Each structure stands twice: as C-alpha cells, then as structure tokens.
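Biologist: I would like to learn how to read a protein model, one feature at a time. Could we begin with a single residue and work outwards?

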Amino acid sequence: MLTTRYLFLTRHGEATPNGTLTEAGCRQAVLLGRRLRDVPVTSIHHGPLPRATQTAHLIADQLPGVPIHIDKAADDFVPYTPKREELPETSGDLLLAFTRQFPPADEELAAEAERRFSGPVPGTEPRYEVLVTHNFLVGWLVRASQDAPPWRWLTLTHANAGLTVIRYSPGRPAALLTYNDLSHLPAELRWTGFPPDFYVP
C-alpha cells in the first residue's frame, strides 16, 4: 500500500565563500526549524556539504526527536545539461552559457534524487520529510513535480531557507503546495541566494 508523502524542500542557509553558514544563515535555519514545529515531521535529510549539514542540524535542534540522515543524492550538483535545440530560441544561448560555468551534469544522481525524495511512499500513514539541499536540486525536483521539460530547472532560483512543499499522493499528479515561502524570515533575512536583479522590495 502506498500513502502520501509531503516533501518540505529547502535550500541551505546563507553561506560564506568557504561553504559554512554565515550568522544570517544560522538565523535563517533556526527560524525555518521553528516554522516546522507544527508539522509532524518524520525525518530530515540533507546533503553532505557543510552548509547543508549545518542547516539541517539547526533545523533539527528545533524539532527534538526527529531523525536526521545524510544523503549523497541531496548533494550540490548539476542535474541536467540541455542541448541547444531543447531551449527557447530567444534565451537558449544565455542558458547554455550559464551551464558552462559548472561541472558536467550527473544525470544518474539526479535520477536517484527523484527516486529517493519524490513520489508516494509505502505505508498507511502520511510521511512528512524535510530535505535540506542546494539550489540546483530544488529546481530539479520542482521541475519534475510539474512534469516540465528537463531544461526548466535552469529557470528556478530558490532563496536561502525558503520553503517549498510538494505533495505526492497515490493516483494523483504531484501538487506544488508552496513555493519559495519566506514568511518565517524577517525582512533582513529574505532574498539572500537570489541574483541582485531578483530582489522584490
């Protein structure tokens, strides 16, 4: 028997160039953990890099007793590199130039992340999972939830400690319940992780 999975998906808190959380990033993580106190969280998963690990543990500190797991499939990686013919005529060159800044895509790990973190789950009780990962994988999982073309992950940018919730119910399409919600953060902690031209006052 399969039952519903609620995936509470977030990007790590703001980080320094060496990959550890800033003071603001620590505050973001704590406030996100407090936001989740009213959710019956069953597990917390995070990637192996320090910024994701720190964020996950600060969230877990606000949710006593919830098990926490490290998972390679939640790491920071490029999930897919499109071919030029897949991309829109008007923006394809720009998107390809963006992908060239990064290592080659790890499509096997991207597929593993989808198997690991999306879809209904075995059992009779709904599962509420928190996944602390990185911007690219957030975009990839959101894209997949909407059955969008693979290249569409390139157009999704997630704030540090923003909250996205996806519901996976048996026999139904995935439902994007919340995307990039920042309501748990005060104004001075919002909008980190975005390019400057994304800022909305």
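Modeller: Start with glutamine 28, which sits in helix α1, residues 23–35. Keep in mind that this is a predicted model.

Biologist: Is glutamine 28 buried or exposed?

Modeller: Relative accessible area decides that, and under 20% counts as buried. Glutamine 28 has a value of 0%, so it is buried.

Biologist: Which residues does glutamine 28 touch, leaving out those up to four places away in sequence?

Modeller: Glutamine 28 touches Gly13, Glu14, Asn160, Ala161, Leu185, Leu189 and Thr192.

Biologist: Alanine 161 is on that list. Where is alanine 161 found?

Modeller: Alanine 161 is in the loop between α5 and β7. With a relative accessible area of 0%, alanine 161 is buried.

Biologist: How do I read the phi angle of a residue?

Modeller: Most residues other than glycine have a negative phi. Alanine 161 is not a glycine, yet its phi is positive, near 65 degrees. Aspartate 147 also has a positive phi without being a glycine, at about 55 degrees.

Biologist: Where is aspartate 147 found, and is it buried or exposed?

Modeller: Aspartate 147 belongs to the loop between α5 and β7, and it comes just after α5. Its relative accessible area is 70%, so aspartate 147 is exposed.

Biologist: Now for pairs of helices. What describes how two of them pack?

Modeller: Two packed helices are described by the angle between their axes and the distance between the axes. For α1 and α2, the axes come within 7 Å and cross at roughly 40 degrees. That makes α1 and α2 oblique to each other. Their crossing is right-handed.

Biologist: Which residues make the contact between α1 and α2?

Modeller: From α1 they are Cys26, Ala29, Val30, Leu32 and Gly33, and from α2 they are Thr55, Leu58 and Ile59. By class, this contact of α1 with α2 has six nonpolar, two polar and no charged residues.

Biologist: What can be said about proline 50 in α2?

Modeller: Helix α2 covers residues 50–61, and proline 50 lies in it. A relative accessible area of 39% makes proline 50 partly exposed. Apart from neighbours within four places in sequence, proline 50 is in contact with Gly19 and Thr20. As an exercise in sequence against space, take proline 50 and proline 120: they are 70 residues apart in sequence, and their C-alpha atoms are 29 Å apart.

Biologist: How does the crossing of α4 and α5 read?

Modeller: Helix α4, residues 107–117, and helix α5, residues 135–145, have axes that come within 11 Å and cross at roughly 60 degrees. These helices are therefore oblique to each other, and the crossing is right-handed. On the α4 side the contact is made by Ala110, Ala113 and Glu114, and on the α5 side by Leu137, Trp140, Leu141, Arg143 and Ala144. Sorted by class, the α4 and α5 contact has six nonpolar, no polar and two charged residues.

Biologist: How many residues of α5 are buried, and what covers them?

Modeller: In α5, 11 of 11 residues are buried. Their cover includes β2, α3, α4, β6, β7 and β8. One of the buried residues is asparagine 135, with a relative accessibility of 13%. Not counting residues up to four places away in sequence, asparagine 135 touches Arg11, Leu156, Thr157 and His158.

Biologist: Finally, how do I read the whole chain?

Modeller: Count the elements, then note their order. The protein chain has five helices and eight strands, and along the sequence they run β-β-α-β-α-β-α-α-β-β-α-β-β. Its radius of gyration is 16 Å, close to the 17 Å from the globule rule for 201 residues, so the chain is as compact as a globular protein of that length.

Biologist: What share of the 201 residues is buried?

Modeller: Buried residues make up 49%. As for contacts between residues at least 6 apart in sequence, 72% join residues at least 24 apart.

Conventions. Residues numbered from 1 in each chain as written. Predicted model: local features only at pLDDT ≥ 70, side-chain atom pairs only at ≥ 80, totals over all residues. Heavy atoms only, no water. Axes fitted to C-alpha atoms, helices over the stretch in contact; angles between N-to-C directions. Helix = DSSP H or I, 4+ residues; strand = E, 2+ residues; numbered from the N terminus. Parallel < 35°, antiparallel > 145°, perpendicular 65-115°, else oblique. Left-handed = near helix turned anticlockwise from the far one by under 90°. Contact = heavy atoms within 4.5 Å. Nonpolar A, V, L, I, M, F, W, Y, C, P; charged D, E, K, R; others polar. Rg over C-alpha atoms; globule rule 2.2 N^0.38 Å. Buried < 20%, exposed > 50% of the residue type's maximum accessible area, 1.4 Å probe, protein only.
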